[in-house]
Amino acid sequence: MKVYFCGSIRGGRDDAHVYRRIVQKLQSYGSVLTEHVSERGEDATSAGDRSIHDRDVDWLRQCDVVVAEVTQPSLGVGYELGRAVAMEKRIFCLFRPNSGRNLSAMIRGAADDDVFIVKDYIEDEVENVVEEFFKQLKNVE
């Protein structure tokens, strides 16, 4: 299975430690095409914005599922999710309400509990929440 993970890069890296935990768990289900999001982020000066965009859209096309941590607001993550919806990808968004932030209505409102799922969670339970999603995903396929 190919997994596309979304997390804030230029919008803020405060949650990078959470991204690492998520990506480590996702790797037990398949190949994480965007594991760099959990590490260093992206060096736009070396690749260039167009190159990053085109590569990531190609990875979106290739993936079987999109998992996004959406607690840290990010224009890029919102763009990726919009593209994933247009490509009819299965999407799983993770949000921590105890962060003090409010999730965009465009994300929460897109949830249909089938193809686009939004799950509130607490950080200590993130691996279990991801595991539960993939168990349900196997039951659907």
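This briefing walks through the fold of one protein chain and then visits a few of its residues. The model is a predicted one. The chain holds six helices and five strands, and 44% of its 141 residues count as buried. Keep the structure open as you read, and look up each residue by its number.

**Overall fold**

- The C-alpha trace spans about 40 × 35 × 30 Å along its principal axes.
- A compact globule of 141 residues would have a radius of gyration near 14 Å, and the chain agrees with this because its own value is 14 Å.
- Take the contacts in the chain with a separation of 6 or more: residues 24 or more positions apart account for 75% of them.

**Surface and charge**

- The accessible surface of the chain is about 7,400 Å².
- Carbon and sulfur atoms make up 47% of that accessible surface.
- There are 19 positive and 25 negative side chains in the chain.
- The centres of the positive and negative sets lie 2 Å apart.

**A buried residue: Asp 15**

- You can find Asp 15 in the loop that runs between strand S1 (2–6) and helix H1 (16–26).
- Asp 15 has a relative accessibility of 4%, so it counts as buried, the cut-off being under 20%.
- The side chain of Asp 15 makes a polar contact with the side chain of Arg 96, at 2.9 Å.
- Leaving aside residues up to four places away in sequence, Asp 15 touches Glu 69, Thr 71, Gln 72, Arg 96 and Arg 101.

**Two loop residues with positive phi**

- Glu 88 is not a glycine, yet its phi is positive, near 60°.
- Look for Glu 88 in the loop between helix H4 (75–86) and strand S4 (90–95).
- Glu 88 counts as exposed because its relative accessibility is 71%, and exposed means over 50%.
- Asp 113 is not a glycine either, and it has a positive phi of about 60°.
- The loop that holds Asp 113 lies between helix H5 (105–108) and strand S5 (116–120).
- With a relative accessible area of 65%, Asp 113 is exposed.

**Distances in sequence and in space**

- Glu 39 sits in the loop between strand S2 (31–32) and helix H2 (44–47).
- The relative accessible area of Glu 39 is 43%, so this residue is partly exposed, falling between the cut-offs of 20% and 50%.
- Ile 9 and Glu 39 are 30 residues apart along the chain, and their C-alpha atoms are separated by 9.9 Å.
- Arg 50 belongs to helix H3, which covers residues 49–62.
- Arg 50 has a relative accessible area of 61% and is exposed.
- Between Arg 50 and Glu 39 there are 11 residues of separation in sequence and 21 Å in space, taken from C-alpha to C-alpha.

How values were computed:
Residues numbered from 1 in each chain as written. Predicted model: local features only at pLDDT ≥ 70, side-chain atom pairs only at ≥ 80, totals over all residues. Heavy atoms only, no water. Helix = DSSP H or I, 4+ residues; strand = E, 2+ residues; numbered from the N terminus. Rg over C-alpha atoms; globule rule 2.2 N^0.38 Å. Buried < 20%, exposed > 50% of the residue type's maximum accessible area, 1.4 Å probe, protein only. Contact = heavy atoms within 4.5 Å. Areas by Shrake-Rupley, 256 points an atom, 1.4 Å probe, with all protein chains shown as cover. Lys, Arg positive; Asp, Glu negative; His and termini not counted. Charge placed at Lys NZ, Arg CZ, Asp CG, Glu CD. Polar contact = N/O pair within 3.5 Å; in protein donor to acceptor, adjacent residues only side chain to side chain.
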